[in-house]
Structure formats: structure tokens, C-alpha cells
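Subject: Structure for you to look over

Dear colleague,

I am passing on the structure we spoke about, with the sequence alongside. Please open both before reading on, as my notes follow below.

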Amino acid sequence: MDVAQASEDCAAVLDEISNAVIADREFLETVLLGGVARGHVLLEDVPGTGKTLTARAMASALGLEFSRVQFTPDLLPADVTGTHVFNEETREFEFQEGPIFANIVLADEINRAPPKTQAALLEAMEEAQVTVDGETRELPKPFFVIATQNPVEQEGTFPLPEAQVDRFMVKSSIGYPDEDGEVELLRRRAGRVEQAPSVGRVLSDQEVADLRQVPEDVRVDEDLLGYMAQLTRQTREDGRVEVGVSPRGTQRLFEASRAYATLVGRDYVTPDDIKRVAQPVLAHRLVLTPDAMVNNVEKSQVVDAVLDSVPVPTVE
């Protein structure tokens, strides 16, 4: 698959998802970006805005096996990864796979579960495998997590630890639709019997695998490599930031930039591609100082300041 074909396939997937989800095209692109770049997606917003529907629609359009885990305060790690169950007939313990064994896993309201259960996803997200009772098992390919969380100010939530937040390639928010969008939502509901809209399959298994391989062939000039490194290093020097973007974050910025170039049909990355993905890739990785939080500094403001301060290279 070449870049042009990959871009057409991405557009077809986004069009299909748009038939079910009332959201900005940019938001849907960000969610798809995670899958194309072989990363994970974190969606934060108030309940009822369409986060779960977006994940389901993405899985249906890509034609991948989908699994949903509803995170609750009493959820155990084994409920996610699986456990050994005694078979009365064979008199042996057999491994029963948990819901993590799917192509797209929706970790719904992930911050409602305690840290011990949240940690069950760490190995899966980083290495696409899980270890249960000392035995390591590979997860299906492709594999990526779409996690949703409610704002931490709401009752009954546990803030995600920085180590886990850093494993998400992008973080985004769907937000409320505008008035026209909400009217369209009602109009679509009136035209069907089911509460949830249906989404058709757009790509085959092989096409999804080929699509995720295309960004590996996208060219990134040496000047842009330096530009990305300067951006992430600058976040560590900002006085409002206690912990800046990690080297893992720098690599994710590189991968997301190539994936976005693929989405728009180019076989090379431009500075605008990097700027387009900088907010969803970098902002959630920052840990602000107590003073900055007291002064209501937003992480997005820090990323904007870094983008303004680092000189943009000229790419011929």
C-alpha cells in the first residue's frame, strides 16, 4: 500500500465514523492517528459526549475485534488480563483469556478503577503482551487501547499515574456539539429504531495491517528531527513545568507526525504536521508545578509557548 491509497482509506474510515459520531473532523483524525501510528488513545470528557461510541465506531469501521472493559472500583487485574480456571474434566488449570485479548480494547472510565487495576494495562500497552502467573502471552495484532476517563474532579475517580499517562500516544477531548450538531444528533435518532447508530466495515484485516505499515516509509528530514527534539527539551526547561516530555514522548511525536502525513497523503513530514500533532501528543505528558496549577496554567498553554519559542526549520 502506498501513501495515496493509505490516505484514501483513512478518509473512507473517517467518513464512515462521521455517520455515527457528531464530532469535529480534527477530533476523529486524532483518534485514528493513534491507531495508524500504532499507539494508544486517551479520551477525557464528561459522560454522555460520545467517547464510547467513538471507540466502537472506530473498531467497526476498521473491521477489528472489539472488547470493552468497564472499569469500576472493585475491578481486579485478573478481570482484565485473564486468569487460570480449573477444568473439572481434565483436572487441570486452563488459562481463560480476559477482555484485553482483542484488537481494539475500550478501557471505559479507566480512572474509576484503583491504581492496581490500572497497572494491569501497563505491560499490554507498552509490549503488546501480558504476564499471568509467570507466563507471558502475546496479544492479538494489531492491538491498541482506547481509554476514556471522566474529569478527575468528579467523585469516585483515581487520577492516572504519570507512568501510565505517558504510554498514551495522544489524548483528546470530544467536547459538546454545537447547536446544529445536536439537532443533527436528534434527527439521526429519529430515523432509526436502535438507540446506537450502526457503522459498516471499511477495511479488511490485511488492509489495516498494510495501513499501519505505511508511516514507516514516510521521510523525515534531519532538520525536523532536531526540531522535534528541541520542542520536547524546551518543555523540560519551562519554569511552569515540574516534569517535561520524556524521551518516549519525543519518539511518539515522531511517529504521530509520520502518521499524520500519511493521513493527508504525503510521503514526507512538514513542520506543520509536527505542529498539528504537538498538542494531543505532548500536553498530557507534562506535570505542572504546584504554583502553575494554583495559577490555573493549562498544559496546552505550555505547549503553545514552546511552539512559539522554538525556531521552525525551513524544509526545501
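Leaving aside its neighbours within four places in sequence, which residues is R167 in contact with? Please keep in mind throughout that this is a predicted model. With those sequence neighbours set aside, the contacts of R167 are H40, L122, M125, E126 and R248. R167 itself lies in the loop that runs between α7 (162–165) and β9 (170–172), and with a relative accessible area of 19% this arginine is buried, the cut-off for that class being under 20%.

As for the chain as a whole, the protein has 14 helices and 11 strands. Its radius of gyration is 20 Å, close to the 20 Å that the globule rule gives for 316 residues, so the chain is as compact as a globular protein of that length. Taken along the principal axes, the box filled by the C-alpha atoms is roughly 70 × 45 × 40 Å. Of the 316 residues in the protein chain, 49% are buried, and the accessible surface comes to about 15400 Å², with 46% of that surface belonging to carbon and sulfur atoms.

Turning to the aromatic side chains, the structure holds two aromatic pairs. One of them is formed by F86 and F93, whose rings lie 5.2 Å centre to centre with 65° between the planes, an edge-to-face arrangement. F86 counts as partly exposed, at 31% relative accessibility, while F93 is exposed, with a relative accessible area of 57%. The other pair joins F95 and F101, and because the planes of these rings stand at 70°, with the centres 5.9 Å apart, this pair is edge-to-face. F95 and F101 are both buried.

Most residues other than glycine have a negative phi, and most peptide bonds are trans. Against that background, the peptide bond from K141 to P142 is cis, with omega near -5°, and P142 lies in the loop between β7 (135–138) and β8 (144–149). R38 has a positive phi, near 60°, although it is not a glycine; R38 lies in the loop between α2 (25–36) and β1 (41–44), and at 42% relative accessibility it counts as partly exposed. E109, again a residue other than glycine, has a positive phi near 50°, and its place is the loop between β5 (104–108) and α5 (115–118). Is E109 buried or exposed? At 18% relative accessibility, E109 counts as buried.

Notes. Residues numbered from 1 in each chain as written. Predicted model: local features only at pLDDT ≥ 70, side-chain atom pairs only at ≥ 80, totals over all residues. Heavy atoms only, no water. Phe/Tyr/Trp six-rings, centres within 6.5 Å; stacked < 30°, edge-to-face > 60°. Buried < 20%, exposed > 50% of the residue type's maximum accessible area, 1.4 Å probe, protein only. Helix = DSSP H or I, 4+ residues; strand = E, 2+ residues; numbered from the N terminus. Rg over C-alpha atoms; globule rule 2.2 N^0.38 Å. Areas by Shrake-Rupley, 256 points an atom, 1.4 Å probe, with all protein chains shown as cover. Contact = heavy atoms within 4.5 Å.
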